[in-house]
Amino acid sequence: MASLLQSQQQCVSILVSVLFILFLAPQAGGIITLPQNEDLRLPITQNHTGRRSLETMDAIKSIAQELNKKDWNFSDPCSNQSTVDTARTNEYINEITCVCSISTCHIQSFNFSGQDLDGTLPLSISKLPHLKAINLRRNFLSGSIPREWGSKKLESLSMESNLFSGTIPSTLGNLVNLEYLNLIANNLTGQFPLALTNLTKLTILRISSNYFKGKMPDFGGLKQLQRLEMEASGFDGPIHSSLSNLSSLTELRITDLNGWESSNFPDLSNMIKLRTLMMRSCKLRGYIPSYIGSFKNLDVLDLSFNNLQGELPNFDNLYIGPIPEWNKLRGFSKLIDISYNNFSETPESSTCTDNFFEAHRDRKTTHYYSLHINCGGEEVTIGNITYEGDEELVGAAYYLPKSPWGISNTGDFYGAETTGYIANSESALDMLYRTARISPLSLTYFGRCLANGSYTVKLHFSEIIFRDNKSYFSLGRRIFDVYVQGKLEFKDFNIEKNASGVDKETVKVVKPVVVSDKTLEIRLQWTGKGTRNVPKIGSYGSLISAISVEPYNKPPNQEKEIESRKSNTKLIIVGAVSSFCLLLIALAILWWKYYFGSNDSRKEVLRGLDLQTGYMAPEYAMWGYLTDKADVYSFGVMALEIVAGKNNTRFRPNENFVCLLDWATFLQQNGDISELVDPNFGSKFKKEEANRVIKVALLCINPSPSVRPTMSKVVSMLEGKTTIPELIMNSSNHDDPFKFTGLRDKLDQTSQQSSNEAQYILAESSNSSSWIDYASA
């Protein structure tokens with residue numbers, strides 16, 4: 001009986017053990033879940049290593065040492081609790097998954113993302129036989145990938161955004177169970193191992209932003225692949241034809257292929273599950289196949305920077321045929337970028353992204369000779385230069401014409417929330433560098449209506465997003481190309497490298513830059529190189545702080561205009577002075593007759609110098625005083641006649657005015673003096689210069705000789721060397737400073753009388769005349 005009872009107890013004990021192994025142990029352990037994207041947290045394990053041994057403790061300590069991970073809890077290695085309480089970034093993840101039996105636990109996965117680990121990839125990982133998933137993204141790890149890792153049973157390997165270098169060991173081709181491989185944003189080089197194209201279980205392959213060599217690999221055998229990312233990986237084109245075998249793809253990203261070889265649009269007709277199709281700068285030629293328009297799941301289409309042509313397929317019946325006006329696409333939910341191709345346009349519009357900023361070039365006649373822009377910031381004055389503000393929030397496909405410049409942007413920060421494509425920093429020392437304009441693809445500034453000639457272009461940069469501390473924040477690499485007037489001036493430009501650090505300015509000078517069609521174009525293009533997700537998604541692309549454009553020398557147009565202005569001014573002065581000399585001789589003769597002759601002789605002189613000429617200074621015409629400013633008055637009358645194309649005494653625009661001077665004085669007080677300009681000039685004159693001559697002439701005909709300018713000052717004002725004083729009318733005679741009112745009334749009553757009577761009226765009406773003063777503006 002006792003033996004039977006003992007046997008029953010043993011059976012119960014065995015049954016309990018079996019039940020524990022089957023049900024309780026798996027619950028205490030956990031299962032591995034493959035990451036579908038970089039932000040997935042691996043499952044957390046509740047473990048009880050206090051009563052179980054970890055057979056690989058030595059390996060765990062070695063791994064921690066090689067990674068330089070100082071907060072691993074060795075007393076409970078499967079615990080996710082850190083032994084060091086320090087400030088951490090939002091990207092910090094410390095998750096360990098263990099699978100435990102009755103007496104033993106095995107590490108199945110670990111996720112040490114965003115921990116700023118600065119060691120190397122541990123060889124001791126080969127001592128963890130049950131390890132299936134490794135996530136070391138966003139750290140500061142360096143060195144090469146150990147070839148020993150090829151012996152593992154890994155299913156997921158993520159090492160994005162580190163400092164790994166060297167080649168990928170071909171032994172990784174032995175990871176036949178690998179489903180997820182992420183090597184984005186490292187410094188990997190060499191040929192992509194052919195052995196890795198045999199990983200038939202791969203569903204996600206991400207190898208963007210590296211420095212691989214050789215032709216694009218043949219991935220045709222990876223038929224379970226759902227996501228393929230090869231943005232700026234370093235491969236040469238063309239796109240491999242075997243791509244057509246990947247019918248399971250939902251996301252295809254290939255950009256910036258090197259080499260010279262082009263290809264037709266690849267056969268993607270089997271990829272009906274595509275949600276994202278990006279083949280930017282892949283040297284594609286020919287036409288976009290019509291079946292692309294039938295991909296109902298397609299949300300993102302980026303075919304920019306190729307040589308595609310023809311018409312665009314129909315997308316959900318939005319449009320068909322030639323490219324429509326771009327404003328019809330702005331409200332469209334799908335992200336489409338077909339810029340920088342050779343597509344046809346609608347006849348009624350030239351605003352599509354492929355050349356829309358060209359269509360808005362300003363053709364005004366006004367010419368500019370300099371341009372200063374504070375990119376992404378408000379107007380700011382640095383020294384004696386004022387930089388115009390550039391604070392408008394832009395979008396993925398945006399064009400903003402301004403005067404005398406404009407801006408266009410293409411590209412979208414996929415998966416990131418944007419703030420108008422403007423970066424801000426309070427750490428920058430100079431106000432000019434506290435903001436910057438950023439772009440995920442192509443950013444173009446263009447100066448409009450610049451006078452043709454040669455210019456010096458200064459481009460101001462400062463890296464205000466990345467940091468230079470010893471963390472993954474410092475792993476950001478911003479690399480882009482800079483074009484000026486369509487010429488590649490700076491390839492693979494790196495702001496931080498050029499400035500020798502972050503928050504430091506660097507100015508790149510391009511000269512001479514020739515403007516031949518009144519437009520200057522400065523374009524920054526991100527070619528997929530560098531990092532995309534450091535320190536956060538949307539931190540990549542081109543960045544510029546300010547733009548300064550000044551004449552290299554004096555542009556040829558400007559020199560011609562200056563010479564023309566000088567020539568015109570000299571012509572006016574020479575003509576006026578010559579005429580004045582003749583007038584002075586005549587005045588001298590008449591003065592002799594007036595001064596030494598009888599009263600009748602004086603009347604005869606006045607008869608000859610009355611309103612029939614109108615050049616005589618009032619102090620001489622009225623009282624016979626010949627002052628040293630009489631010539632200035634005569635010059636002023638003559639200058640007005642030249643500008644107006646009218647004779648002073650013969651011109652009466654209506655019954656309210658008696659002569660040209662009367663009308664000019666009225667316009668000076670109540671209207672626009674530019675109305676004096678002879679309409680026969682049409683538009684072939686500069687309003688500013690005409691107004692300058694008129695203002696100087698009005699100063700010269702001041703009734704008071706003491707306040708008229710000297711001829712030397714007249715010349716200086718006409719040449720633009722001296723500021724033209726502003727006329728200030730005496731309040732006692734503001735309404736009629738020249739006393740034309742009395743003359744006007746009398747002239748209307750005696751319009752048939754002789755000219756000598758009109759002269760007497762002028763003298764009579766001016767007996768109490770008061771003067772005009774002028775003061776500098």
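**View 1. Lysine charges over phenylalanine rings.** The charged end of K61 lies over the F74 ring, 5.9 Å from the ring centre. K69 places its charged end over the ring of F112, at 4.4 Å from the centre. A charge sits over a ring if NZ of Lys or CZ of Arg is within 6 Å of the ring centre and within 35 degrees of the ring normal. This is a predicted model: local features need pLDDT of at least 70, side-chain atom pairs count only at pLDDT 80 or more, and totals for chains, interfaces and linings use all residues. Residues are numbered from 1 along each chain as its sequence is written, and side-chain values use heavy atoms, with hydrogens and water left out.

View 2. Across the whole structure, a search finds 17 aromatic pairs. Rings of Phe, Tyr and Trp (its six-membered ring) pair if their centres lie within 6.5 Å; planes under 30 degrees apart count as stacked, over 60 as edge-to-face and the rest as tilted. Y291 and F295 make a tilted pair, 5.9 Å centre to centre with 40 degrees between the planes. Y291 is partly exposed at 22% relative accessibility, and F295 is buried at 5%. Buried means under 20% relative accessible area, exposed over 50%, partly exposed in between (1.4 Å probe, protein chains only). F192, F212, F219 and F235 form one aromatic cluster.

**View 3. The W526–Y540 pair.** W526 and Y540 are also tilted, with 4.5 Å between centres and 45 degrees between planes. The pair links distant parts of the chain, 14 residues apart. W526 belongs to strand β32 (residues 520-530), while Y540 is in the loop between β32 and β33 (542-544). Helices (H or I, at least four residues) and strands (E, at least two) are DSSP runs, numbered from the N terminus. W526 is buried, with a relative accessible area of 2%. Y540 is buried too, at 8%.

**View 4. Surroundings of S542.** S542 lies in strand β33. Its relative accessibility is 0%, so S542 counts as buried. Leaving aside residues up to four places away in sequence, S542 touches R437, I438, S439, L443, F480, L524 and W526. Contact means heavy atoms within 4.5 Å.

**View 5. A six-stranded open sheet.** The strand order is β21-β22-β20-β34-β28-β31, with mixed pairing. Two strands pair if DSSP finds at least two bridges between them. β21 (380-382) and β31 (505-515) are the edge strands; each has a single partner, so one side of each lacks a neighbour in the sheet. Neighbouring strands are turned by 25 degrees against each other on average, direction ignored. Strand β28 (residues 453-462) and strand β34 (residues 546-551) run antiparallel, joined by six bridges. H460 has A546 in β34 as its bridge partner.

**View 6. F681 in a loop.** F681 sits in the loop between α9 (660-670) and α10 (687-700). The residue is partly exposed, with a relative accessible area of 37%. F681 and A644 are 37 residues apart along the chain, and their C-alpha atoms are separated by 9.8 Å.

**View 7. Confidence along the chain.** pLDDT is the predictor's confidence in each residue, from 0 to 100. The protein chain has a mean pLDDT of 77, and 72% of its residues reach 70 or more. Over residues 317-332 the pLDDT stays under 50, and the model has 37 contacts there beyond four places in sequence. Residues 605-612 are also below 50, with 24 contacts beyond near neighbours in sequence. Where pLDDT is low, the predicted coordinates should not be read in detail.

Definitions and conventions:
Axes are lines fitted to C-alpha atoms, for helices over the stretch in contact, and angles run from 0 to 180 degrees between N-to-C directions.
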